[in-house]
Amino acid sequence: MHPVVELIARRKKDRSKPGHRKDGFRLALVAEGGAMRGVISSGMLWALEDADLLHCFDLAVGCSAGAMNLSSFLAGVAGASTREYAEGFSSPKVIRPIRALWGKPIIDLEATLDHSSATLDAGRLLRVLESPIPLHCVATDIDRARRALLSDFQDLGELRSALMASSCLPLFAGKAVEFRGHHYLDGGITEAIPVASARELGATHVLVLQTRPRGLRYPPPKGIFTRLVENRLGRFHPVLPTLYHRRNFLYDEICDHLDIVQAKGHAALPSVYCLRLPEGSPSVAHLERRPEVLRARAQAARDLAERELIRPALEFLGRK
């Protein structure tokens, strides 16, 4: 039994709550981004939600779509949010590639945050502010060209700004976002899978939700659109285009490192367990809008979380 799975199982059994632990550990839930590829981590969170595992965690750290998904999980609507990937989140109101021809962002982040339906309530972000599990949004400080963690939100406006800052990328999702006097862009530029951030926040155990299948390397940046993004980034800070251009190498390096750390179990610090679709699984494009594809990938991710985390945890507790 991997120590992360074991810790989740024990906390589930003991019904321990954040801020009232007796085991001395800090368990972080980490989710990477990837625009519509976020349907994968959202499906995993849906499984965790249905298994009533929310209160097993002490902190949540997310980047871009991962931060958005974690906010839904903390608000108790991960399942509803997952279903909206194939409905409201993929609608022309939210994603419209043709807007790039007019110099406007392809993805409307405001529309994503404001979207509501019969199952996804408009007041969900207020519950994130009230959650005993703090949300940390990874963003890129463009004035200093370095990673930043946005947290300790004082009101709804700050939370919305942090979620948008973690996801904003020129041409894709809008202009830089101001948060407490600094300006930020997509956290994926500096830390796509924020395990290092979780460690800095004191995590002893980390559950990582990844959105690319095992064995799938991050493709190198190319094309006119990439060059346009890099040009826009260079207007903010001369280092940002290089960071953006090298993000595929850094991503693959982190994935390789996580595989090694996961195999160490208790010997690693922090102990890391990754949920990731198996090699050969279909991936999801950044701007995927086909409902059937999004539903299928969400279900595959949900099934994976049940198979690799929830069932082993229940078996550890001697339950069927």
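**Close-up views of a predicted model**

**View 1. E191 and its surroundings.** The side chain of E191 comes to 3.3 Å from the backbone nitrogen of A196, a polar contact (N or O atoms within 3.5 Å; within protein, one must be able to donate a hydrogen and the other to accept it, and residues adjacent in sequence count only if both atoms are side-chain atoms). This is a predicted model, where local features need pLDDT of at least 70, side-chain atom pairs count only at pLDDT 80 or more, and totals for chains, interfaces and linings use all residues. Residues are numbered from 1 along each chain as its sequence is written, and side-chain values use heavy atoms, with hydrogens and water left out. You will find E191 in the loop between β6 (182-186) and α8 (195-200); helices (H or I, at least four residues) and strands (E, at least two) are DSSP runs, numbered from the N terminus. E191 counts as buried because its relative accessible area is 5%; buried means under 20%, exposed over 50%, and partly exposed in between (1.4 Å probe, protein chains only). Leaving aside neighbours within four places in sequence, E191 is in contact with C63, V138, R147, A196 and S197, contact meaning heavy atoms within 4.5 Å.

**View 2. G188, in the loop between β6 and α8.** Here G188 is partly exposed, because its relative accessibility is 22%. Its contacts, leaving aside neighbours within four places in sequence, are C63 and R247.

**View 3. Helix α7, mostly covered.** Nine of the twelve residues of α7 are buried, among them E158, L159 and R160.

**View 4. Helix α11 and its cover.** The end C-alpha atoms of α11 (residues 247-264) are 26 Å apart, which agrees with the 26 Å that its 18 residues should span at 1.5 Å a residue; the expected span is 1.5 Å times one less than the number of residues. R247, N248, Y251, D252, C255, L258, V261 and Q262 are its buried residues. Their cover includes α8, β7 (205-209), α10 (240-245) and β8 (271-275). Just after α11, G265 takes a positive phi of about 60°.

**View 5. I98 in its loop.** Look for I98 between α4 (78-85) and α5 (109-114). I98 is partly exposed, because its relative accessible area is 40%.
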